[in-house]
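Please look through the structure below before reading on.

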Amino acid sequence: MDWLWKALGGKSGRNQKKSQAVVAKAQSAAQALAELDDAALADRARALTSQGELADPAEFLAVLGVATQRTLKIAPFDVQSQATLRLLEGDVVHMATGEGKTLVGAMAATGYALLGKRVHVITVNDYLARRDAEWNRPLVEFFGLTVASVTEGMIPEERRVAYASDVVYAPVNEIGFDVLRDQLITRREDAVQRGADVAIVDEADSVLVDEALVPLVLAGSVPGSAPTGQITHIVRGLTEDNDFTIDDDRRNVFLTEAGAHKVERALGIDSLYSDEHVGTTLVQVNLALHARALLVRDVHYIVREGKVLLIDESKGRVADLQRWPDGIQAAVEAKEGLDVTDGGRILDSITLQALLGRYPRVCGMTGTAVEATDQLRQFYDLRVSVIDRNRELQRFDQADRIYATNVDKERAIMSEIAGLHAKGQPVLIGTQDVAESEQLATALREQGIECSVLNAKNDAEEARIIAEAGDIGRVTVSTQMAGRGTDIRLGGADERDRDAVVELGGLAVIGTAKHRSSRLDNQLRGRAGRQGDPGLSMFFVSLEDDVVVSGGAGEDVTLTPRADGLIESSRAQRFVDHCQRVTEGQLLEIHAQTWKYNKLISDQRSIIDARRARLLDTDLAWQELAERAPERAAELMGLPEDIRVQAARDIMLFHLDNGWSEHLALLDDVRESIHLKAIARETPIDEFHRIAVTEFKTLAQTAVDEAVQTFKSVRIDEDGAHLSDAGLNRPSATWTYMVGDNPLANKGKSLISGIASIFK
Ligand code: ADP
């Protein structure tokens, strides 16, 4: 890995030497500190951090190490102390799976808290937030600090208490939804969060890169518009190639001229592209077509109990609270002949990238940071520090096995699994999606091979299955492993049969196809060979795989397979590597393009945030309204000050929030129509910017004008402003969802007509 790092021109070498020297010094400091009693040790830590920075990093690491030993009963390895130091300096640390990142995160969180910072440790799911917070509690409390976790089922009061802690463990979506909900409060005391200073992100590349563009959405219920049954029916009758075409990477679908005519005839209209239909009927047709052609049942969603449930593609399981944007959700429901649910109005949304951008400091850890160096630098200005393994890697990574066709490949995978299983070696198979997992599991069972499948299970149950995946004779089938945060010990969770499994060669990891980025391949590989364990990894490839087809589009390569379909040539390997580099490049480009678009919205949001904060925390609302409507203000002077100030605040905030939500809806529409223009070869991003900037300017003014009108006309008495009398209801039934738009996941048959597909 070192050479790769140097080739990328990183500063890791220098940092590494420096922090290794600090760690060496810490070792000698530890002996004297071990003599101190608990209270004296905690005092020492406070003394070393009292100025808000580390007075003596070496001694501080030593104090942390001794305290960790006393409280968690674990002596940190030197590499862990080194990683802790790098986190405290604000880097993303590259540490392989099984090297003990949980402890590193715990020590760094405690360190930051001692420095007086409020820390959010961002975990992959609820289960890990709860587990890690409890696990870390003795260490944090040793220093008189507090720790808590925030998880899905918690009510606002519980959240408020939890967020008041020095260290908060929570999954990224909970934090994001709380940020969004806190944007709708009208009294400061209703906020559940307090600003945090530091985010320590577990599986950092997954959150910061792979899912960076996933928007978290807060919505309120209002009936929505969906493709009609007639349109759904017409679209069902269209045929691929004749009536519509799908682009190579299956992100976009387009009506052909013939297809458009067919729809026009069936609907009895002149032209879908006329002014009358372009913003309505055509949008509905496109939605229905998208649902019909790009969204595949059991790959992108499942139908259960009359409901469409989204599959979280990055994790390969049902994503409970997730919905697609409304048009798409309704279009899929119509396609499946289900009741179409009410649409929602998007009140607010934020991407993970913008969410993380709110923290003054972001750092994190992952087993695949080096491969994400470019993105981390480009999008977050973060550096990567590579931490050596505590024990040398004993895993053997085989060369890819490349086959001509999928059929040949699948046959070879089955026979490989059967061979390993016959010896008793545990096997973990990483598939591309849930449907493939199910098919593979069925095929294995038909051959008499018992296996566990990871999907749509709850986190705790899943953790238990993974923990046992290294036992003799186990076969475990799973979609992407990132975020399935439990380590796989050889011989079972309690390592009862460790020696036997070591003898067999450790855990064997099989990838059924290469991912769109080698980083995702490495996330899977990393499951084998933890802490110097023996292990084996191999990937199967067919020339029909999506990565090869899409990355190798337009290339003319002739490769001759053997009778069983295997292609043994170094040219084949070079070709496959090339295809993967092409798809990696495409993803980076999409990310960069989409970021331009998101950046603008996120800048606008911070302006709104700042305005909101002033309205909440000062009497600015009253001042502004009184200035513009002095007579009305004079009438209200008889009311107690706190009541009239709050009434003014309620009015101002109502119109501001309303304006922002309308602004977002408008930008959504603009995106749709820009999509149509993009086909007509105009540059969408410039057009988008122009509209977004102009509209934003009027938003602020309109919000104030409307507030003045309301201030003049609405009833205001001892009970405050009676906004609902005037039909000005704050949306109450709010729900939250994540838009499952993860271009990295799966075969890249990624979803929605959303952002990513438009700016390609
Ligand atoms: P990662 O998240 O890096 O894959 P984990 O944090 O899950 O790794 O830790 C892997 C395993 O190593 C856990 O069982 C943990 O208890 C153990 N471990 C971590 N650090 C140490 C240490 N310093 N000494 C002994 N065991 C450790």
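This is a predicted model: local features need pLDDT of at least 70, side-chain atom pairs count only at pLDDT 80 or more; totals for chains, interfaces and linings use all residues.

Residues are numbered from 1 along each chain as its sequence is written, and side-chain values use heavy atoms, with hydrogens and water left out.

Start with the ligand. It is surrounded by 15 residues, of which Q80, G98, K101, T102 and R489 are the closest; a residue counts as near if one of its heavy atoms lies within 4 Å. This shell divides into five nonpolar, five polar and five charged residues. Here Ala, Val, Leu, Ile, Met, Phe, Trp, Tyr, Cys and Pro count as nonpolar, Asp, Glu, Lys and Arg as charged, and the others, Gly among them, as polar. A polar side-chain atom of Q80 is 2.8 Å from a nitrogen atom of the ligand. A polar backbone atom of K101 lies 2.9 Å from an oxygen atom of the ligand, and for an N or O atom in the side chain of T102 the distance to a ligand oxygen atom is 2.5 Å. The ligand taken alone exposes 560 Å², and the protein buries 77% of that (areas by the Shrake-Rupley method with a 1.4 Å probe).

Next come the aromatic rings. The whole structure holds four aromatic pairs, counted for rings of Phe, Tyr and Trp (its six-membered ring) if their centres lie within 6.5 Å; planes under 30 degrees apart are stacked, over 60 edge-to-face and the rest tilted. One of the pairs is F142 with F143, edge-to-face at 5.1 Å centre to centre and 80° between the planes. Both F142 and F143 are buried (under 20% relative accessible area; exposed is over 50%, partly exposed in between; 1.4 Å probe, protein chains only).

Another edge-to-face pair is W660 with F696, at 6.5 Å and 85°. W660 belongs to helix α27 (residues 641–679) and F696 to helix α28 (residues 684–713), so the pair ties together parts that are 36 residues apart in sequence. Helices are DSSP runs (H or I, at least four residues), numbered from the N terminus. W660 and F696 are both buried.

Charges also meet rings. K514 lies over the face of F539, 5.6 Å from the ring centre, and the charged end of R644 sits over the ring of W622, 4.8 Å from its centre. The cut-offs are NZ of Lys or CZ of Arg within 6 Å of the ring centre and within 35 degrees of the ring normal.

Last, R159 lies in helix α8 (residues 156–163) and is buried, with a relative accessible area of 5%.

How values were computed: Helices (H or I, at least four residues) and strands (E, at least two) are DSSP runs, numbered from the N terminus. A polar contact is a pair of N or O atoms within 3.5 Å; within protein, one must be able to donate a hydrogen and the other to accept it, and residues adjacent in sequence count only if both atoms are side-chain atoms.
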